[in-house]
Amino acid sequence: MATTLTLKDVLTRLTTEGELYEKLPDQRVRCYACGHRCLIPEGRDGICKVRFNQGGVLYVPSGYVGTSLQLDPVEKKPFFHALPGSAALSFGMLGCDYHCGYCQNWITSQAIRDPKAIARPNIVSPEDIVRCAVENDAPIVTSTYNEPLITSEWAVAVFKVAKARGLKTAYVSNGNATPEVLDYLRPWLDLYKVDLKGFSDKGYRKLGGLLQTVLDAIQLLVEKGFWVEVVTLVVPGFNDSDEEFRDIARFLAGVSPNIPWHVTAFHPDYKMTDRGRTPANALMRAAEIGQSEGLNFVYAGNIPGRTGSLENTYCPACKTLLIERVGFQVLANHLGAGGTCPKCSARIPGVWA
């Protein structure tokens, strides 16, 4: 009788030995791909369910994508200060180190934990992914859809090929990072989007993480020279108080006033269908607070055309309109050579070439 393979069985075969771990006595291992720093006994999984200890060796995902490859505007990631108007070739794997009840990518991120998530792996090579990017004139290759930190060895395998072809590389991540994984990624990764999910440690614990770990990671990302943009999905009744907006903005401005902060709209999804969509005025209120705390670039998105000028980029020195957007579409780009303001010549922080 033929044996039906579970998703876990299939994924166990699509692995290689990891690089982000240390071996310990009694065939235990310590993983440091993400902030959980799982101590994994032999025969057990990490919290993410996709990194596991077999015979004292940590095995990690390799050789597949969790969905088909997708071409997206880079603004959808969202990166507003990285090659505006360009396409990004997006790929992901399966699994996550969080369990957010409102996850908007739960089909891939919760595939191991939730039997209702029916994503399946598609075999592919790093060369296949990069070839697809090149053939479609996408100058950016992005690891997204699930949490890329827990599949960093695979991302680096892809990014090494991408960098050899002159492409930029990006992470769309929850930011639950360690110094070790950021050092590992730094030679191969250019752009890093962090989901800062609020400013309450209690709220973070409900999602499966720790606030301070993410705050430390944002600080390290900037110090190590990644281009960083931060997104807060504004969830009614969870993280939408003025106090929390102010705490987020104040923290980011303290790291660097030039970090773009995107406040985006929640829609009911996955296990959180007990509340409505985020109203436009909540995003505009958050943006106003961000600006008042000294952030130079605050964007309100996910509801095109309903947040006034908050989709555009302006020169912080002279207020000249630099990049005009509606949703993920760039309508006009007035940036000068090297990313400068055409009126006052101020250099606008970002990755423009």
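Residues are numbered from 1 along each chain as its sequence is written, and side-chain values use heavy atoms, with hydrogens and water left out. In this predicted model, local features need pLDDT of at least 70 and side-chain atom pairs count only at pLDDT 80 or more, whereas totals for chains, interfaces and linings use all residues.

**Exercise 1.** Determine how helix α8 packs on helix α9.

*Solution.* Step 1: helices (H or I, at least four residues) and strands (E, at least two) are DSSP runs, numbered from the N terminus. Helix α8 covers residues 242–255 and helix α9 residues 280–292.
Step 1: their axes lie 9 Å apart, at an angle of about 40 degrees. Axes are lines fitted to C-alpha atoms, for helices over the stretch in contact, and angles run from 0 to 180 degrees between N-to-C directions.
Step 2: α8 is therefore oblique to α9; angles under 35 degrees count as roughly parallel, over 145 as roughly antiparallel, 65 to 115 as roughly perpendicular and the rest as oblique.
Step 3: on the α8 side, Asp242, Phe245, Arg246 and Ala249 take part, and they meet Ala282, Arg285, Ala286, Ile289, Gly290 and Ser292 of α9. Contact means heavy atoms within 4.5 Å.

**Exercise 2.** Describe the packing of α3 and α4, and name the contact residues.

*Solution.* Step 1: the axes of α3 (residues 126–135) and α4 (residues 152–164) come within 9 Å and cross at roughly 50 degrees.
Step 1: this angle makes α3 oblique to α4.
Step 2: α3 contributes Pro126, Glu127, Ile129 and Val130 to the contact, and α4 contributes Trp154, Ala157, Val158, Val161 and Ala162.

**Exercise 3.** Is threonine 142 buried or exposed, and what surrounds it?

*Solution.* Step 1: threonine 142 belongs to strand β11 (residues 140–143).
Step 1: its relative accessible area is 0%, so threonine 142 is buried (buried means under 20%, exposed over 50%, partly exposed in between, with a 1.4 Å probe and protein chains only).
Step 2: leaving aside neighbours within four places in sequence, threonine 142 contacts Lys77, Ala88, Leu89, Ser90, Phe91, Ala170 and Val172.
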